Amino acid sequence: MVTSRDVARVAGVSQSTVSYVMSGRRSISAETRKRVLDAIEQLTYQPNAGARALASQRTQVIGLVVPFGPGADTAGLLPFIETIASCARAEDHDVLLVTTDEGAAGLTRLAGRALCDAIVLMDVEADDARIPVAAALKVPVILIGVPDDSAGLHCVDMDFTLAGTLAVDEIAALGHDRVVLIGHAADVIERDINFVRRFQRGAAAAAARHGIGYSVVAPVPPGTAGAREAVERALDGGGRPGVVVPNSQAVAPVLHALIERGVVPGRDTSLIGLCTDAAAEATTPAVTNVSLEPRDVSRRAMEILFRLLDRGGEPPAQLVELIRPRLTRRETTLPAP
């Protein structure tokens with residue numbers, strides 16, 4: 001097995017210099033660093049993770065707390081997980097997945113057993129019992145989501161208030177006299193997941209500004225039957241409603257329920273979904289959407305996390321960073337007047 005001693009011999013440096021290049025704990029000249037890295041590549045050297053952790057007092061692992069379980073949008077989670085893992089690998093870190101159902105105990109286990117150097121916490125509730133625990137940990141924690149009180153933790157998320165505004169602005173511009181939000185399942189509403197209220201706040205303010213009607217159909221049970229019932233309620237109010245679906249899992253079922261009723265989005269009404277571009281393009285017809293921007297949110301969260309991990313670095317002064325969403329017109333909205 002190739003060791004750091006072999007790397008040092010090929011590079012013509014001391015074994016401690018190899019260690020410094022690998023850990024970044026000391027300044028090394030560019031020429032020496034290149035010789036060491038070239039030797040590592042030539043010998044295909046892979047440092048022992050346990051030994052490196054002992055030497056650097058770091059695990060080179062990022063803990064990622066994700067909402068796996070009944071009702072979780074696993075397809076929607078995938079771009080977050082992929083991007084976080086890719087960003088971690090670019091910084092020579094691995095990712096350890098921990099499920100949300102472990103609660104605050106899962107965070108304590110991660111940090112208390114020195115299983116990771118930092119934690120990314122997803123599925124954040126507006127009043128989240130994990131936040132005080134996370135804020136007291138000795139490892140950096142970043143939130144993907146914005147609670148009512150972040151307890152001094154850094155947060156990154158999409159600007160859901162602006163997303164609601166963009167969707168309703170588009171509905172109003174297309175001549176609809178009211179907008180109906182077909183919302184989330186009961187468990188999401190009961191848990192008060194942070195983005196639900198933020199989206200509705202932006203949507204309601206935009207509807208008031210345009211002087212059009214505004215209502216929310218919720219809770220909406222998952223699946224076809226729940227979507228059919230929600231569409232019935234949405235269309236009951238008369239007028240010329242436009243439909244906005246901020247629940248990404250309900251976009252396709254609501255689209256199909258409208259078509260079943262003979263109300264074809266893009267011809268008879270307008271439907272805008274809050275979902276990824278990939279999900280919007282995968283439906284027939286393709287859905288006009290406000291994008292969730294999962295990759296941009298994840299990249300920015302990881303950039304901040306590694307700044308927090310850099311003991312000599314300066315963390316961002318701003319605790320909350322919101323990524324701007326985009327609205328893309330496709331086939332489920334009426335032609336512009």
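Mentor: A polar contact here is a pair of N or O atoms within 3.5 Å; within protein, one of them must be able to donate a hydrogen and the other to accept it. Keep in mind that the model is predicted.

The loop to look at runs between helix H12 (251-260) and strand E9 (271-274), and it holds Thr269. A polar atom of the Thr269 side chain lies 2.8 Å from the backbone oxygen of Pro241, which is within the 3.5 Å limit. Is Thr269 buried or exposed? Its relative accessibility is 3%, and the limit for a buried residue is under 20%, so Thr269 counts as buried. Leaving out residues up to four places away in sequence, Thr269 touches His176, Pro241, Gly242, Val263, Val264, Thr332 and Leu334. Arg240 is 29 residues from Thr269 in sequence, yet the two C-alpha atoms are 7.5 Å apart.

Now the wider setting. The chain is divided into domain 1 (4-56), domain 2 (61-158 + 294-324) and domain 3 (160-292). Between the centres of domain 1 and domain 3, taken over C-alpha atoms, there are 55 Å.

The largest nonpolar core has 41 residues, and Ile62 and Val120 have the most contacts inside it. Helix H14 (residues 294-309) gives the most to this core, with seven residues. Domain 2 and domain 3 both give residues to this core, so it lies between them. Another core, of 21 residues, lies apart from it; among its members are Val180, Val217, Ala250 and Val263. Val263 is also one of the residues that Thr269 touches. In soluble globular proteins, nonpolar side chains tend to be buried together.

Asp117 sits in the loop between helix H6 (103-112) and strand E3 (118-121). With 9% relative accessibility, Asp117 counts as buried. A polar atom of its side chain lies 2.7 Å from the backbone nitrogen of Gln60.

Two aspartates in loops have a positive phi. For Asp92, phi is near 60°; Asp92 is in the loop between helix H5 (74-90) and strand E2 (94-99), and at 30% relative accessibility it counts as partly exposed. For Asp192, phi is near 55°. Asp192 is in the loop between helix H9 (186-191) and helix H10 (194-210), and it is partly exposed, with a relative accessible area of 25%.

Helix H3 (residues 30-43) has 14 residues and reaches 20 Å from its first C-alpha to its last. In H3, Thr32, Val36, Ala39, Ile40 and Leu43 are buried. Seen down the axis of H3, the buried residues fall within an arc of 100°, so they line one face of the helix. On the other side of H3, Ala30, Lys34, Glu41 and Gln42 are exposed. Just after H3, Thr44 takes a positive phi of about 50°.

Methods. Residues numbered from 1 in each chain as written. Predicted model: local features only at pLDDT ≥ 70, side-chain atom pairs only at ≥ 80, totals over all residues. Heavy atoms only, no water. Domains from an automatic or database assignment. Helix = DSSP H or I, 4+ residues; strand = E, 2+ residues; numbered from the N terminus. Buried < 20%, exposed > 50% of the residue type's maximum accessible area, 1.4 Å probe, protein only. Expected span 1.5 Å × (residues − 1). Arc of directions from axis to C-beta. Core = buried A, V, L, I, M, F, W, Y, C linked by side-chain atoms within 4.5 Å. Contact = heavy atoms within 4.5 Å.
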